[in-house]
Amino acid sequence: MSEQGREARIVSGHRRLRIAASIYLNSAPLIWSFRRGSLRERVELWTDAAPARCADMLARGLVDVALVPVIEYQRLPEALLIPGVCVGARARVRSVVIVTRGMALEEVENVALDLSSRTSAALVQIIFREFLGRRPHFVPAKPDLELMLREHDAALLIGDPAMTFAREGRRVYDLAEVWRAHTGLGFVFAMWMTRMGSEVEVADFARARAEGLARVEEIVAEYAEKLALPPAELREYLLENISFIPDGEMRAGLELYFQLAHKHGLIDALRPLAFVGG
Ligand SMILES: C=C(O[C@@H]1C=C(C(=O)O)C=C[C@H]1O)C(=O)O
């Protein structure tokens, strides 16, 4: 091996873990330790990406680990899940919604789907096809509710834009509530994923979550200003709506979601859940 090659190996052996996550409030507790806490020096963190772009960064090998919309697990044959940490909801999520011009879901003919989303974009299609037996027209769109509803009956919004829009005259459906009403299960929207062959300390991600959740007040203060929402609402969102630890019902929800996505042609492959180190 040439000197140059060996040097590259040594350098890459010591390089920091490259991580990508969205800047939504629901990612904040999971990445606080990497941004400001005890794991800051260990990683290179990319936070300027929407969830859909985090998936692309992992697929292209630009990062070692990313907080990825779960549907992408089935589209990336090399992806492995990091266990014990997720962005999910047991009952009501608040930040993943279908907003209509005022009509019921049963009357919707066309839906604009937030381009930042992958998991919820597929979930909306499952809700219409599997639960409501309908086939409205779906169109990808930027998350601008006024524009989306100008041309469509309904719009999917996720993340921070789903928490801050004007609700007057509109009807709002919480997707975790709709999912629970039809399945009795919880839902997982995103998980940390890596690629086979990457060296990842799994325990760091649970440790980062614990450290971030211990800083909820700091995160709430930062986002209350950023989103212009009352701190109490954001505290409730992070501590009660979002679940950062998957339980049995959420895992069952994840498996059912994958089966239904496959049934409706939203993913080609259907593989069992494979975790790092397991
Ligand atoms: C709970 C949320 O779940 C998000 C939804 C995603 C999707 O639909 O692809 C991806 C990442 C999650 O963080 C949210 O955005 O509010």
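Q: In this predicted model, where does the ligand sit?
A: A molecule counts as sitting in a cavity if more than half of its atoms lie within 2 Å of the cavity's grid points. In this model the ligand is placed in the largest cavity.

Q: Which side chain has an N or O atom 2.8 Å from an oxygen atom of the ligand?
A: Polar contacts are pairs of N or O atoms within 3.5 Å. S120 has a polar side-chain atom 2.6 Å from a ligand oxygen, and R118 places a backbone N or O atom 2.7 Å from a ligand oxygen. The side chain at 2.8 Å is that of N26.

Q: How much of the ligand's accessible area does the protein cover?
A: On its own, the ligand has 390 Å² of accessible area. Of this, the protein covers 99%.

Q: How many residues surround the ligand, and of which classes?
A: The closest residues are S95, S117, R118, T119 and S120. The shell numbers 18 residues. By class, these are eleven nonpolar, six polar and one charged.

Q: Which domains each supply at least three residues to the shell around the ligand?
A: Helix α4 (119–131) and strand β11 (187–195) each give the shell at least two residues. By domain, at least three residues come from each of domain 1 (3–88 + 188–234 + 241–249) and domain 2 (96–183).

How values were computed. Residues numbered from 1 in each chain as written. Predicted model: local features only at pLDDT ≥ 70, side-chain atom pairs only at ≥ 80, totals over all residues. Heavy atoms only, no water. Near = heavy atom within 4 Å. Polar contact = N/O pair within 3.5 Å; in protein donor to acceptor, adjacent residues only side chain to side chain. Areas by Shrake-Rupley, 256 points an atom, 1.4 Å probe, with all protein chains shown as cover. 1 Å grid on protein atoms, 1.4 Å probe; cavity = no way out; pocket = protein on both sides within 12 Å on 5 of 7 lines; lining within 4 Å. Helix = DSSP H or I, 4+ residues; strand = E, 2+ residues; numbered from the N terminus. Nonpolar A, V, L, I, M, F, W, Y, C, P; charged D, E, K, R; others polar. Domains from an automatic or database assignment.
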